[in-house]
Each structure stands twice: as structure tokens, then as C-alpha cells.
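Please keep the sequence and the model in view while reading.

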Amino acid sequence: MSSIDDTTGSLPDEWRVELPTFEGPLDLLLHLVKINEVELTDIPVALICDQFHQYLQLMEELDLDIAAEYIYEAALLIHLKSRMLLPRGASTGEEGEEDPRQELVQRLIEHQRMKDAAQTLAEVDVLRQGLWTRRQQRIPGPDPEESIDLGEVSLYDLLGALRQVLVRYEHEHPPPWHILRETFSVRDQFERLMDRMQPEHPLDLLDDLRTRTCRAEAVATFLAILELARLRLVKLHQTENGELLLYRTGREVQPYELEAIQG
Amino acid sequence: MTDRTEIEAVLEAVLFVSSEPVTRDRLMELFNDRDKPLVAEALETVLERYRPVAGRGISAEEVAGGVRLVTRPELNVYLRKFFEVTGRSRLSLAALETLAIIAYRQPITGPEIQELRGVSSSGVLKTLLERRLVKISGRKKVVGKPFLYRTTREFLMHFGLESLQDLPPLEEFEESFGSIEAEPS
């Protein structure tokens with residue numbers, strides 16, 4: 001599979017099944033060097049250049065977007081291919097003249113090195129993600145602001161600080177609360193007292209009034225008791241030591257009576 | 001003269017409370033000049049005490065020019081469960097490649113990184129800056145004055161390096177390409 005079918009100008013069939021995704025044109029070039037089993041130091045430029053272009057054609061056929069980087073690299077390869085056609089050393093006659101491929105080779109070697117280094121970092125990254133340290137905690141004492149090492153402060157620290165300020169501002173300046181005046185209706189108190197009272201069991205009026213939350217509620221309760229008495233639902237009795245007791249009568253409250261009470 | 005065991009106790013306490021690596025110099029500052037030889041010894045004792053061994057959850061590590069206490073990596077799964085941590089923010093291959101280039105070739109500009117990777121790196125550079133693994137350290141005095149990038153102290157801490165000299169040596173040319181023949185076609 002070292003050469004390409006010249007009659008059709010297409011890639012060998014086995015290329016069609018696997019279409020690895022490359023991180024970029026240099027990755028693709030390294031791949032081409034590997035599958036052609038050629039030495040990196042002695043790249044057959046014409047062959048690699050043609051295959052590179054055919055790969056781009058394949059990407060086009062598959063409707064993949066070809067990034068500008070590939071096109072740029074393709075242009076470099078054509079330029080290199082043309083330089084390879086020129087007789088070398090013709091002008092100076094020196095043998096040691098630089099191989100035009102030198103720069104490409106250097107880039108590929110460096111790229112491969114960095115890929116390997118990235119692989120090593122990836123392994124360390126996975127392992128070290130598992131390490132936990134003590135979380136940042138407030139050290140008691142004066143504001144540590146004075147001791148900030150400005151050398152380590154980056155733009156992102158500033159942005160982070162600004163975000164903190166905004167969060168704190170919002171926390172300290174919450175939107176205003178609309179406090180509604182509490183209203184107590186006579187009917188509510190009426191119903192509450194009706195629920196509380198059980199037959200044969202008197203209710204201590206002063207005790208009930210004392211446990212109201214505010215004066216307004218106590219007033220509403222008092223008015224409710226007057227209603228209860230008017231409708232003959234309770235009997236009021238004052239004991240010798242001054243307690244006011246409510247006794248439930250046998251009468252049931254009628255719906256229309258309940259309706260009539262102030263809501 | 002401070003008692004040796006007292007010094008050990010102090011060092012252990014400082015390491016326990018610190019969330020960042022503490023340099024030896026900072027530890028030394030806590031004591032008188034004449035105690036300093038003892039401090040160095042005491043620190044070794046404390047480090048020995050916190051060597052990673054079975055049955056202990058915490059170990060001391062020397063990283064980014066300092067000393068700190070960390071949990072053992074094998075315990076990660078339990079800590080994640082306890083603190084209800086879900087999902088992980090692993091670096092992408094592109095980010096790691098860019099990070100490797102900056103680590104080994106710093107200071108380096110964005111265009112130079114792009115030249116080495118063959119693709120644009122502005123997106124991953126942003127990620128690396130946000131994660132504080134790299135920082136901008138000035139501009140190169142060439143046309144366009146591009147930013148120069150360097151790795152940060154966080155980078156050393158995250159990868160467990162004492163300094164940039166501890167980066168693993170780059171693979172040699174032969175090692176990377178020696179296996180070309182063996183590559184299945």
C-alpha cells in the first residue's frame with residue numbers, strides 16, 4: 001500500500017474504512033509517515049504530499065469542514081515538493097547543503113515529542129486528580145490582604161475577585177422585602193374559637209387572649225367572642241376569682257350567620 | 001533552645017493547617033538561628049512520619065518548592081463519595097498538548113505554540129489560563145507583540161513537581177520513531 005492507484009487517483013480501499021480524526025495537519029503527516037513505513041529523516045515528499053491532498057479530498061467528499069490549517073500545510077507541502085525537484089547543491093556544489101525537508105522534519109519530531117510529553121502529563125493528571133488537600137480556610141487574625149504577592153496575581157484572579165465582590169454585594173444588599181401588615185379577621189378568630197371549644201369543656205378567655213401574638217389579634221378575638229355570644233353559641237361565665245369562662249351551647253352555627261361575620 | 005520534639009510538633013501543626021505548600025525557608029523563620037540545624041532534622045522526621053504507607057490516609061509531599069500534606073490517591077473514590085463530588089474536569093488532549101509545549105518551551109508565544117501544534121490554540125489557552133495552569137508573563141518584542149506564556153505554581157502543584165527541572169525528560173527521537181517498522185499497516 002505504499003503507492004497510490006494512479007489510474008483512479010483515489011486512496012487505497014483500506015483507507016476508506018478507517019478515518020481517524022487527527023488533531024491537526026501535523027498529526028495527519030505523522031500518520032502518513034507511519035503507514036508508509038518511511039524514515040522520518042528521509043520523507044518521500046512527493047508521495048506524502050499527494051496522499052495529504054487526497055486525504056483533504058476525502059474530507060471534502062465526506063462533507064467535513066477542512067480547517068484552514070490543513071490548507072496551509074498542504075500549500076507548504078507543495079512548495080516543498082517543488083523545491084525537491086530543483087537540483088540541490090548546483091549553485092555551490094557543496095555536499096553539506098541543507099536538505100529542504102529539514103524544517104518539516106524538525107517540526108514533526110518536535111510535534112511527536114510534545115505528543116509524548118502530553119501523554120505523560122495525561123497519566124500524571126489522572127493520578128494527581130485523586131489527591132486532596134486541606135481546603136482553603138480562614139486563618140484567624142488581621143486581613144491577609146497586605147501580604148498578597150502581586151507577582152502571582154493574574155487577570156483571572158482579578159476577575160475572580162470582582163465576581164466575589166459582586167456576589168457579596170448582592171448578599172449584603174438583598175432586594176427589599178415587602179412586609180405586609182398582618183391583618184386578623186374576626187371570622188378567622190371566630191372559627192378558631194369554635195374549633196378550640198369542646199362540649200363540657202370551658203375555655204379560659206383571658207388565657208386565650210394572653211396567648212395572642214399582638215393587640216390586633218386580641219381585638220379580633222374579643223370581637224369574635226361578642227359574635228359568639230350574640231349568636232348564642234357560647235355562654236360566658238365569670239368565676240369568683242375573676243376568670244372568664246366560655247361554655248359552648250348546644251346550638252350549631254348556621255352558614256348564613258358565618259357569612260355575615262366580618263371577614 | 002527549643003526542644004527537638006517541640007519543633008517536630010510545631011512543623012506538623014503548620015503543615016496540618018496549611019492548604020498550600022510551605023517552603024522550608026518559611027518554616028525556618030519560626031525558630032531562632034541556633035535552632036535551625038535542629039529544624040532541618042525535625043522536618044526530616046516529620047516527613048518520614050508522613051511517608052505514604054498502608055493504613056495511613058495522609059502523606060507529605062514536596063511540591064512546588066514546598067511541603068504539604070495530601071491524601072493518598074487510592075482514597076479518591078471514598079472522598080468523592082463522602083463529599084458528594086460528581087463529574088470530573090479532566091484536561092482534553094489538546095489542552096495537555098498545549099500545556100506540554102508551554103512547560104517544555106517556556107516562555108513561548110501563542111503563534112509559536114500554533115506552529116508546533118499545527119492548529120490554533122487560542123481556545124485551549126483560555127482554558128489553561130482559567131484553570132491557572134499557565135499565566136501570561138509579558139510580551140515578546142517581535143511584530144505584533146504577542147503574549148508570552150509560562151506555567152504557574154499551580155502547574156507544579158497539580159503535576160507534583162518540585163520545580164520545572166523535575167519535568168520528565170523529553171522522549172528521544174529514536175524512542176519515538178524506533179517502532180515505525182513494528183507499526184502494523
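In chain B, what share of the contacts with a separation of 6 or more is accounted for by residues 24 or more positions apart? The share is 53%, where two residues are in contact if their C-beta atoms, placed from the backbone, lie within 7 Å.

The structure is a predicted model, in which local features need pLDDT of at least 70 and side-chain atom pairs count only at pLDDT 80 or more, while totals for chains, interfaces and linings use all residues. Residues are numbered from 1 along each chain as its sequence is written, and chains are lettered from A and ligands numbered from 1 in the order in which they are written.

## Confidence in chain A

The confidence of the predictor in each residue is given by pLDDT, from 0 to 100. Chain A has a mean pLDDT of 78, and 80% of its residues reach 70 or more. Within chain A, helix 1 (residues 13-17) has the lowest confidence, with a mean of 49, and helix 9 (residues 215-230) has the highest, at 89. Over residues 1-8 of chain A, pLDDT stays under 50, and the model has 11 contacts beyond four places in sequence for them.

## The sheet of chain A

Helices (H or I, at least four residues) and strands (E, at least two) are DSSP runs, numbered from the N terminus. Two strands pair if DSSP finds at least two bridges between them. In chain A, 3 strands form an open, antiparallel sheet in the order 1-3-2. Strand 1 (203-204) and strand 2 (234-238) of chain A are at the edges with a single partner strand each, so one side of each has no neighbour in the sheet. Strand 1 of chain A is joined to strand 3 (residues 244-248) of chain A by 2 bridges. Leu203(A) has Leu246(A), in strand 3 of chain A, as its bridge partner.

## Chain B and its helix 7

Chain B contains 9 helices and 5 strands. Of its 185 residues, 25% are buried. A residue is buried if 20 or more other C-beta atoms lie within 10 Å of its own, exposed if 12 or fewer, and partly exposed in between; C-beta atoms are placed from the backbone.

Helix 7 (residues 122-130) of chain B has the buried residues Val124(B), Leu125(B) and Leu128(B). Viewed down the axis of helix 7 of chain B, these residues fall within an arc of 105 degrees, so they line one face of the helix; the arc is that of the directions from the helix axis to the C-beta atoms. The buried residues of helix 7 of chain B pack against helix 5 (93-105), helix 6 (110-117), strand 4 (134-139) and strand 5 (147-151) of chain B. On the face turned away from the buried side of helix 7 of chain B are the exposed residues Ser122(B) and Lys126(B).

## Backbone details in chain B

Gln106(B) and Pro107(B) are joined by a cis peptide bond, with omega about -5 degrees. Pro107(B) lies in the loop between helix 5 and strand 3 (108-109) of chain B.

## Where the chains meet

The contact between the chains takes 42 residues from chain B and 41 residues from chain A. Helix 5 of chain B gives the most to the side of chain B that touches chain A, with 8 residues. That side of chain B has 20 nonpolar, 10 polar and 12 charged residues. Here Ala, Val, Leu, Ile, Met, Phe, Trp, Tyr, Cys and Pro count as nonpolar, Asp, Glu, Lys and Arg as charged, and the others, Gly among them, as polar.

A nonpolar core is a set of buried Ala, Val, Leu, Ile, Met, Phe, Trp, Tyr and Cys residues joined through C-beta atoms within 7 Å. The largest nonpolar core has 28 residues, and Leu99(B), Ala100(B) and Ile102(B) have the most contacts inside it. Two or more residues of this core come from each of helix 5 (102-128) of chain A and helix 5, helix 6, helix 7 and helix 8 of chain B. Helix 5 of chain B provides the largest share of this core, 7 residues. Not counting residues up to four places away in sequence, Ala100(B) touches Met114(A), Ala117(A), Ala118(A) and Leu121(A).
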